Amino acid sequence: MGKYHEEYMKMAIRLARKNVQDGKGGPFGAVIVKDGEVVASAMNEVTATDDPTAHAEMVAIRQACKSLGSYQLDGCDIYSSCEPCPMCLGAIYWSRPDHVYYAATRKDAAASGFDDDVIYQEISLPPDQRRIPFQNKMRDEAIEAFKEWDKSDLKINY
């Protein structure tokens, strides 16, 4: 790991530790860098905001996209104090950064009681066999929205 990578990773880890020390949320921090400049940094805000989606990576992605005026993070690198959970992994793929670097693993998070690894396992199960069962309903009606999207002159592909 190069000097700059190490600095950004240390920053993410410091954010995670500060969040715990301040009692503001889970032990997670994230930093997003573009062209050698930090464009966003965040801590886990789940319990502070009563928002289960306010993971450090999600908050940082929202900040970075707003700062850059784009829903894409082309040319950016994400540094996370822990391997991203499935929700954050999805957001990372949607935002398309160049690289993701992480410190602790999802197994480390599981050892402290976080569900990241459990959710990864749930994803591979058939929808009706998950802990929270999923059922497919009204597919034919919903497909109409996709048909309209396909024909729309107003759509922006992402």
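Which residues are buried in H4? In this helix, Pro86, Cys88, Ala91, Ile92 and Ser95 are buried, where buried means under 20% relative accessible area, exposed means over 50%, and partly exposed lies in between (1.4 Å probe, protein chains only).

## Basis of the model

This is a predicted model, in which local features need pLDDT of at least 70 and side-chain atom pairs count only at pLDDT 80 or more, while totals for chains, interfaces and linings use all residues. Residues are numbered from 1 along each chain as its sequence is written, and side-chain values use heavy atoms, with hydrogens and water left out.

## Overall layout

The chain holds seven helices and four strands. Helices (H or I, at least four residues) and strands (E, at least two) are DSSP runs, numbered from the N terminus. Read from the N terminus, the order of elements is α-β-β-α-α-β-α-β-α-α-α. The C-alpha trace spans about 50 × 40 × 30 Å along its principal axes.

Of the 158 residues, 32% count as buried. The accessible surface of the chain is about 10,400 Å², and carbon and sulfur atoms make up 54% of it; such areas come from the Shrake-Rupley method with a 1.4 Å probe, and for residues only the protein chains shown count as cover. Contact means heavy atoms within 4.5 Å. Among contacts in the chain with a separation of 6 or more, 46% are between residues 24 or more positions apart.

## Charges

There are 19 positive and 25 negative side chains, and the centres of the two sets lie 1 Å apart. Lys and Arg count as positive and Asp and Glu as negative, while His and the chain ends are not counted. The place of a charge is taken as NZ of Lys, CZ of Arg, CG of Asp or CD of Glu.

## The nonpolar cores

In soluble globular proteins, nonpolar side chains tend to be buried together. A nonpolar core is a set of buried Ala, Val, Leu, Ile, Met, Phe, Trp, Tyr and Cys residues joined through side-chain atoms within 4.5 Å. The largest one here has 23 residues, of which Ile32, Ala40, Ala60, Ile61, Ala64, Leu73 and Ile78 touch the most other members. Two or more residues each come from strand S1 (29-34), strand S2 (37-43), helix H3 (56-68), strand S3 (76-82) and helix H4 (86-95). H3 gives the most, with seven residues. Another core, of seven residues, lies apart from this one and includes Met9, Ala12, Val31 and Tyr79.

Leaving out residues up to four places away in sequence, Ile78 touches Val31, Ile32, Ile61, Leu73, Ile92, Pro97, His99, Val100 and Tyr101. The buried residues of H4 pack against H3, S3, strand S4 (99-104) and helix H6 (116-123).

## Tyr79 and the aromatic pairs

The whole structure contains six aromatic pairs. Rings of Phe, Tyr and Trp (its six-membered ring) pair if their centres lie within 6.5 Å; planes under 30 degrees apart count as stacked, over 60 as edge-to-face and the rest as tilted. The ring centres of Tyr8 and Tyr79 are 5.3 Å apart and the planes stand at 50°, so this pair is tilted. Tyr8 belongs to helix H1 (residues 3-21) and Tyr79 to strand S3, so the pair ties together parts that are 71 residues apart in sequence. Tyr8 is buried at 10% relative accessibility, and Tyr79 is buried at 2%. Setting aside neighbours within four places in sequence, Tyr79 contacts His5, Tyr8, Met9, Ala12, Gly29, Ala30, Val31, Val33 and Tyr101. The C-alpha atoms of Tyr79 and Ile32 are 6.3 Å apart, although the two residues are 47 apart in sequence.

Another pair, Trp149 and Tyr158, is edge-to-face, with 6.5 Å between centres and 80° between planes. Trp149 is partly exposed at 34% relative accessibility, whereas Tyr158 is exposed at 58%. Ring pairs link Tyr71, Trp94, Trp149 and Tyr158 into a cluster.

## Two positive phi values

Most residues other than glycine have a negative phi, and most peptide bonds are trans. Asp50, which is not a glycine, has a positive phi of about 55°. Asp50 lies in the loop between helix H2 (46-49) and H3 and is exposed, with a relative accessible area of 72%.

Arg96 sits in the loop between H4 and S4 and is partly exposed, with a relative accessible area of 34%.
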